[in-house]
Amino acid sequence: MKSSVRSSISRLLLIALILVLGAFWVGARYGPRQAEKVEARRLGGLPTPATRNTGDHNDSLTEDESINVRIYHEASPAVANILTKATEYDFFMDPVPVEGAGSGFLIDPKGYILTNYHVVAGAQTIEVVLGDQQRYPAKFIGADQRNDVALIKIDPKGKQLASLPLGDSSTLQVGQKVLAIGDPFGFQSTLTTGVVSAIGRTVQTSQTTFIDEAIQTDASINRGNSGGPLINTHGEVIGINSAIYTPSGTAAGIGFAIPINSAKLIANDLMTEGRVRRAYLGVQTVPVAGWLAEALDLPVQEGLLVEQTTKGGPAAAAGIHGGDRTAQAGMMRRIVIGGDVIVGFEGQKVTNQFDMNVLLNRKRPGDTVTITVYRGAKKMDIPVKLGEREGN
């Protein structure tokens with residue numbers, strides 16, 4: 001009797017489990033589901049947000065809202081959606097088309113557009129879509145890879161293009177309101193707002209690129225915003241949105257922009273000379289780590305040991321000494337020793353090559369700088385007139 005009851009209960013539980021699982025399957029199969037793909041689309045004939053008339057609604061806006069609306073209305077026509085195409089090769093060496101997207105902005109009615117180098121790097125074709133949805137093929141003019149700034153150009157074909165005024169990033173203060181316009185995830189002409197969170201940071205964005213004197217902001221910057229303008233409340237561009245700090249892959253309230261003062265110098269060089277004028281010292285160095293300093297009995301624990309100076313270069317002409325003998329440095333390398341150890345640049349401490357790159361990046365060819373070195377146990381300051389480095 002008890003066995004029969006237990007058997008009946010087991011059957012009922014099994015039937016109930018089947019019904020629950022069946023209901024779950026039906027709901028998953030036919031019930032409402034979350035969107036798997038979200039993309040920006042525009043119905044034919046409808047105005048884009050950048051061109052829609054907002055004049056009739058201004059009376060109901062707060063002062064802060066009015067500033068946002070005004071700046072967006074004035075700036076968005078000059079913000080570009082940059083679309084790139086390139087060809088890569090798979091494991092079997094078959095060509096694979098690769099598309100990319102980013103942002104940029106017009107700085108000149110003739111059609112010059114500033115953006116990030118990484119937005120257009122390697123592109124075989126570049127297309128620009130402006131705020132009025134007009135499309136233009138673009139030409140790559142040049143770039144400064146180290147600073148991640150590029151200049152491209154479109155032909156306006158007689159059309160009067162809107163362009164953005166460039167401000168002065170050296171006057172920024174923490175707490176100032178800023179606005180970012182760009183095309184995150186393909187959503188064109190998107191406005192985000194925030195403040196200047198910090199200034200003067202040096203942010204390394206890859207092994208070879210960095211943002212010097214970076215502007216940190218909490219205005220949302222996402223994938224696709226790269227190359228777009230960071231704007232102050234006067235409608236002036238004060239930075240190029242370039243990178244985000246993100247543990248998760250999306251905006252985390254920490255974005256970085258290239259100061260527009262740096263970008264202006266690069267753009268001017270590219271427009272007038274077709275290349276970026278970059279200062280160089282003319283030395284080959286090796287960083288002095290603690291173990292190396294002890295092994296070579298150097299007078300300092302940090303700095304750059306000059307292995308060699310470029311013949312006829314700025315450092316050699318100023319009297320900086322390269323090495324004159326060799327020593328074993330580990331299992332695989334012998335280094336030249338006996339040279340000066342660079343420890344300072346214009347009063348700033350130099351501990352590694354990254355420090356030197358950043359400090360050189362702030363100078364122009366022809367500038368005279370003071371290099372602090374140790375020659376043996378003697379510390380000395382040597383004035384050096386910087387030369388011009390070819391290429392990027």
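Student: In which strand is threonine 309 found?

Tutor: Threonine 309 is found in strand β15. Keep in mind that this is a predicted model.

Student: Which residues does threonine 309 touch, not counting residues up to four places away in sequence?

Tutor: Threonine 309 touches Gly282, Val283, Ala315, Ala316, Ile320, His321 and Gly322, with residues up to four places away left out. A distance in sequence and a distance in space can be read side by side here: threonine 309 and leucine 281 are 28 residues apart in sequence, and their C-alpha atoms are 8.8 Å apart in space.

Student: What is glutamate 302 in contact with, leaving aside its neighbours within four places in sequence?

Tutor: Glutamate 302 has its place in the loop between α5 and β15. Its contacts, apart from neighbours within four places in sequence, are Val288, Val343, Lys349 and Thr351. Valine 288 is 14 residues from glutamate 302 in sequence and 5.2 Å from it in space, C-alpha to C-alpha. With lysine 349, the side chain of glutamate 302 makes a polar contact of 3.1 Å. Glutamate 302 has a relative accessible area of 38%, so it is partly exposed.

Student: Next, the aromatic rings. How many aromatic pairs does a search of the whole structure find?

Tutor: The general idea is that a pair of aromatic rings is described by the distance of the centres and the angle of the planes. In this structure the search finds 1 aromatic pair. Phenylalanine 210 and phenylalanine 354 form it, with 5.6 Å from centre to centre and 80 degrees between the planes. An angle over 60 degrees counts as edge-to-face, and this pair is edge-to-face.

Student: Why does the pair tie together parts that are 144 residues apart in sequence?

Tutor: Because phenylalanine 210 lies in strand β9 (residues 210-217), while phenylalanine 354 lies in helix α7 (residues 353-361).

Student: Is phenylalanine 210 buried or exposed?

Tutor: Phenylalanine 210 counts as buried, at 3% relative accessibility. Phenylalanine 354 has a relative accessible area of 26% and is partly exposed.

Student: Which residues of α7 are buried?

Tutor: A general point about helices comes before the list. An α-helix has 3.6 residues a turn, so residues three or four places apart point the same way. In α7, the buried residues are Met356, Val358, Leu359, Leu360 and Asn361. They pack against β8, β9, β13 (278-280), β15, β18 (341-345) and β19 (348-349).

Student: Which residue caps the N-terminal end of α7?

Tutor: Asparagine 352 caps that end of α7, with a side-chain oxygen 3.2 Å from the backbone nitrogen of phenylalanine 354. Phenylalanine 354 is also a member of the aromatic pair.

Student: Now the strands. In what order do the 6 strands close into a barrel?

Tutor: Strands of a sheet pair through backbone hydrogen bonds, either parallel or antiparallel. Here the order is β1-β2-β3-β6-β5-β4, and the pairing is antiparallel. From one strand to the next, the twist averages 40 degrees.

Student: How many bridges join strand β4 to β5?

Tutor: Strand β4 (residues 125-129) is joined to β5 by 4 bridges, and the two run antiparallel. Across that pairing, valine 128 stands opposite tyrosine 136 in β5. The hairpin of β4 and β5 has 5 residues between the strands, and in it glutamine 133 takes a positive phi near 75 degrees.

Student: How do β5 and β6 pair, and over how many bridges?

Tutor: Strand β5 (residues 135-144) and strand β6 (residues 149-154) pair in the antiparallel sense over 6 bridges. Lysine 139 has lysine 153 in β6 as its bridge partner, and alanine 138 has isoleucine 154. Their hairpin has 4 residues between the strands, where aspartate 148 takes a positive phi near 60 degrees.

Student: What does the charged end of lysine 153 sit over?

Tutor: The charged end of lysine 153 sits over the ring of tyrosine 112, 5.5 Å from the ring centre.

Student: Where is serine 189, which has a positive phi although it is not a glycine?

Tutor: Serine 189 is found in the loop between β7 (177-182) and β8 (190-204). Its phi is about 55 degrees. Serine 189 counts as buried, at 10% relative accessibility.

Student: And aspartate 297: is it buried or exposed?

Tutor: Aspartate 297 is exposed, with a relative accessible area of 69%. It lies in the loop between α5 (290-295) and β15 (304-309), and its phi is positive, near 55 degrees.

Technical notes
Residues are numbered from 1 along each chain as its sequence is written. This is a predicted model: local features need pLDDT of at least 70, side-chain atom pairs count only at pLDDT 80 or more; totals for chains, interfaces and linings use all residues. Side-chain values use heavy atoms; hydrogens and water are left out. Rings of Phe, Tyr and Trp (its six-membered ring) pair if their centres lie within 6.5 Å; planes under 30 degrees apart count as stacked, over 60 as edge-to-face and the rest as tilted. Buried means under 20% relative accessible area, exposed over 50%, partly exposed in between (1.4 Å probe, protein chains only). A charge sits over a ring if NZ of Lys or CZ of Arg is within 6 Å of the ring centre and within 35 degrees of the ring normal. Two strands pair if DSSP finds at least two bridges between them. Axes are lines fitted to C-alpha atoms, for helices over the stretch in contact, and angles run from 0 to 180 degrees between N-to-C directions. Contact means heavy atoms within 4.5 Å. A polar contact is a pair of N or O atoms within 3.5 Å; within protein, one must be able to donate a hydrogen and the other to accept it, and residues adjacent in sequence count only if both atoms are side-chain atoms.
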